[in-house]
Amino acid sequence: RVFAQQRDLQILPAELSTDAVFLRRVFLDTIATLPTAAEAARFLDSKEPDKRGKLIDQLLQRDEFADFWAMKWADVMRGSDVTISKRGVHSFHRYLVERFRHDRPFDEFAWQTLTSLGNTLNRPAANFHRVARTPEDAAEAMSQLFLGVRIGCAKCHNHPFEAITQSDYYGFAAYFARVKFKGQQFMLDDEIVYLDRRGEVRHPVTGKNVAPVAFGDSPGELGPDDDRREKLVEWLVSPQNPFFARSIVNRLWYHLLGQGIVHPVDDFRDTNPPSNAELLDQLAAEFVKHGYRIKPVLRVILNSSTYQLSAQAVDKQSPRAAEPDRYFAHARIQMLQAEQILDAISSITGIPERFPGFPSGTRAIQLAGGTVDHSFLMAFSKPVRDATCECARDPEPSLSQVIQMLNNPAIVNNIKSPEGRIHNWLTAGKSADEVVELIYLTTVSRRPTQQERDLIGRHLKTLPDVRTGLFDVQFALLNSNEFLLRH
């Protein structure tokens with residue numbers, strides 16, 4: 001469907017990526033982890049015709065998959081020790097990890113997120129209400145997370161350009177009007193979410209109580225003991241709902257290709273149509289067919305030629321061609337995320353990063369909260385999780401990031417460490433040429449070209465200690481675009 005549309009629009013797609021580029025890309029996009037030298041060599045040397053598909057299946061079963069995708073959803077669900085609590089955010093994080101580990105259905109996730117009650121330490125899904133504490137906040141967060149629709153503009157007035165009214169806004173808010181809290185006033189961090197028999201939302205113009213309604217769809221007569229939120233979720237996950245499945249698969253596409261079919265991903269509206277409506281509908285149908293589980297959809301996307309295209313765009317497009325970037329004619333080049341870079345440096349050097357309050361060996365993608373006092377993560381824009389959107393990470397490079405990479409004594413010390421990989425390889429009897437190849441495989445998931453081997457060989461001959469030259473090679477690669485960018 002993507003290539004058919006490109007033909008109609010007279011767009012020439014890029015070539016397929018090389019094995020080395022695909023290998024690095026699919027590892028980072030799926031599990032946020034670089035392949036080891038052995039994994040890279042094994043894949044590059046394999047002659048199996050279906051080796052890419054087999055690798056995708058393996059990655060979807062790795063433990064890092066659950067850690068990485070839990071991190072993604074914790075970001076947009078504002079999971080931090082500020083919005084929840086220190087103990088609460090760990091409970092919430094474990095809950096998300098287990099959901100992604102077992103690929104639990106997303107309609108079930110919506111049910112638990114929007115209707116959970118009880119002690120938030122024991123019912124971590126109820127932290128949605130702890131973060132979005134008012135009916136209005138809950139309505140806006142629900143709509144962005146599960147519908148991909150920004151209704152916030154309608155809080156004060158009807159949307160000026162879209163068919164979203166104030167009544168739509170407060171109709172959604174009314175579903176959450178009876179959600180209440182207790183426990184916080186006693187300085188406890190295990191706040192309890194419960195339902196009151198009373199509680200209404202008033203329309204700011206008419207001053208009257210607003211009945212629950214979802215874009216004009218009424219739940220019917222409700223009694224004082226009915227949980228209004230259950231009626232909302234019934235509407236949300238209904239096969240007739242045009243938003244839920246399309247919104248979720250659009251997020252998946254965004255996370256793998258760097259741009260949504262509807263972009264931004266939480267801005268579904270008539271004046272922001274999908275770049276390929278047929279593709280979006282087909283992915284949504286695949287999602288529903290497999291019981292609202294994300295791994296089957298991810299598998300389809302990762303195996304597609306569209307995902308596996310090179311980042312090298314075709315230079316000479318037809319003068320009548322549409323915009324190639326909007327229609328996925330080549331892979332998108334972008335900065336790696338803060339956690340990906342830091343974990344990669346730890347993996348490459350062989351020296352794990354330490355985080356205060358976490359056990360040794362904890363990776364950055366496993367950190368439960370957003371507010372982590374770590375200069376490297378902050379420089380590379382790890383979000384503090386104060387917004388329900390994908391916009392909190394700044395994809396543009398900055399001066400502070402350059403300083404972190406070039407002037408960070410910890411990186412240099414880890415490269416030179418007696419416990420580091422280069423020292424261990426040399427101690428094991430590896431030659432300088434073998435170590436250079438291992439450095440390349442570990443850092444950029446490919447073997448060095450002959451030109452690179454010759455250049456490095458000349459550099460090593462100028463130094464009295466080959467070890468110093470190998471440290472230089474590792475440091476230079478860590479500061480290269482090839483390492484820092486997803487391509």
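Modeller: The charged end of Arg133 sits over the ring of Phe181, 4.3 Å from the centre of that ring; the criterion is NZ of Lys or CZ of Arg within 6 Å of the ring centre and within 35 degrees of the ring normal. This is a predicted model, in which local features need pLDDT of at least 70 and side-chain atom pairs count only at pLDDT 80 or more, while totals for chains, interfaces and linings use all residues. Residues are numbered from 1 along each chain as its sequence is written, and side-chain values use heavy atoms, without hydrogens or water.

An open sheet is formed by three strands in the order β1-β3-β2, with antiparallel pairing (strands are DSSP runs of E, at least two residues, and helices runs of H or I, at least four, numbered from the N terminus; two strands pair if DSSP finds at least two bridges). Because β1 (118-119) and β2 (179-182) stand at the edges with a single partner strand each, one side of each has no neighbour in the sheet. Four bridges join β2 to β3 (residues 192-195) in the antiparallel sense, and Lys180 has Tyr194 in β3 as its bridge partner.

A search of the whole structure finds 22 aromatic pairs (Phe, Tyr or six-membered Trp rings with centres within 6.5 Å; planes under 30 degrees apart are stacked, over 60 edge-to-face, the rest tilted). Phe172 and Trp235 form a tilted pair, because their ring centres are 5.8 Å apart and their planes stand at 55°. That pair links distant parts of the chain, with Phe172 in helix α10 (residues 166-174) and Trp235 in helix α11 (residues 228-236), 63 residues apart. Both Phe172 and Trp235 are buried (under 20% relative accessible area with a 1.4 Å probe, protein chains only; exposed is over 50%). Phe287 and Tyr292, in turn, have ring centres 5.4 Å apart and planes at 85°, so this pair is edge-to-face. Phe287 counts as buried at 0% relative accessibility, and Tyr292, with a relative accessible area of 9%, is buried as well. Phe287 and Tyr292 belong to one aromatic cluster, whose members also include Trp73, Phe92, Tyr95, Phe100 and Phe244.

Phe92 leads on to the cavities, since it is among the residues that line the largest cavity, including also Val76, Met77, Phe128 and Leu145 (on a 1 Å grid over protein atoms alone, a cavity is where a 1.4 Å probe fits but cannot get out, a pocket is an open set with protein on both sides within 12 Å along at least five of seven lines, and lining residues have an atom within 4 Å of a point). The largest cavity has a volume of about 80 Å³ (the space filled by probe spheres on points joined across faces, edges and corners), and three cavities of 30 Å³ or more are found in the whole structure. Helix α8 (127-131) and helix α9 (135-147) each supply at least two lining residues there, with α8 giving the most, three residues.

The largest pocket, by contrast, has a volume of about 810 Å³, and Tyr254, Gln337, Glu390, Arg393 and Pro395 are the closest to its centre of the 35 residues that line it.
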